[in-house]
Amino acid sequence: MSQPAIKLYRHALSGHAHRAELMLSLLKVPTELVSVDLANGEHKKPAFLAINAFGQVPVIDDNGTRLSDSNAILVYLAKKYDQGNWLPEEPLAAALVQRWLSVAAGQLAYGPAAARLITVFGAAFNPNEVVTRAHALLKVMEAELATAPFLAGDKPTIADVANYAYTAHAPEGNVSLDEYPNVRAWLKRIEALPGFVPMQQTAAGLLAA
């Protein structure tokens, strides 16, 4: 008996939503994509707020089990549909993954992601401040990826999924990756994984025509 598709409420330009979409694809879990019209405020209307009171994408509906928050969704999917590869059980390995989930919710969100929000969505952040934060993070990633192929060690984990999209699309926010060869090589390794799906690119920032 085939598994019912998980509904993923998402927006094509949301890196947070892409985390969930990428994880579902890597795990080969049947998925039904449900687009949410952020431009017209669909995520703040009662019908969507009944699904996620925070009014944000992504949200998954796994046969009646609803869950929001991209990193929480990654944990759920790895625990339910994987055998400990994407989220290891060993204490230190699990902690190293959690460290990078915290980075995804912290330095990544307030650096590369925020810089891209300015150029793609018109967010009112200070460009110099968020670009500076982005490069501070990329310098750390560059150094750590000199010693391991993936963020939490020798194998890809949900840490890599959580940090991929906003790093890969950092140039859209005027954050160049030219000085970070290890980061670029890491992105290529993720893109070479079976089941990888890209996030839609925008002609913004350094990619503007």
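Me: Why does glutamate 172 count as buried?

Reply: Its relative accessibility is 1%, and buried means under 20% relative accessible area, exposed over 50%, partly exposed in between (1.4 Å probe, protein chains only); therefore glutamate 172 counts as buried. This is a predicted model, in which local features need pLDDT of at least 70, side-chain atom pairs count only at pLDDT 80 or more, and totals for chains, interfaces and linings use all residues. Residues are numbered from 1 along each chain as its sequence is written, and side-chain values use heavy atoms, with hydrogens and water left out.

Me: Which side chains make a polar contact with the side chain of glutamate 172?

Reply: Those of arginine 116, at 2.8 Å, and histidine 169, at 2.5 Å. A polar contact is a pair of N or O atoms within 3.5 Å; within protein, one must be able to donate a hydrogen and the other to accept it, and residues adjacent in sequence count only if both atoms are side-chain atoms.

Me: What makes a set of residues a nonpolar core, and how many residues has the largest?

Reply: A core is a set of buried Ala, Val, Leu, Ile, Met, Phe, Trp, Tyr and Cys residues joined through side-chain atoms within 4.5 Å. The largest has 55 residues, and Trp86 and Trp186 are among those with the most contacts inside it. Helix H8 gives the most to this core, with 7 residues. A second, separate core of 6 residues includes Tyr9 and Val36.

Notes:
Helix = DSSP H or I, 4+ residues; strand = E, 2+ residues; numbered from the N terminus.
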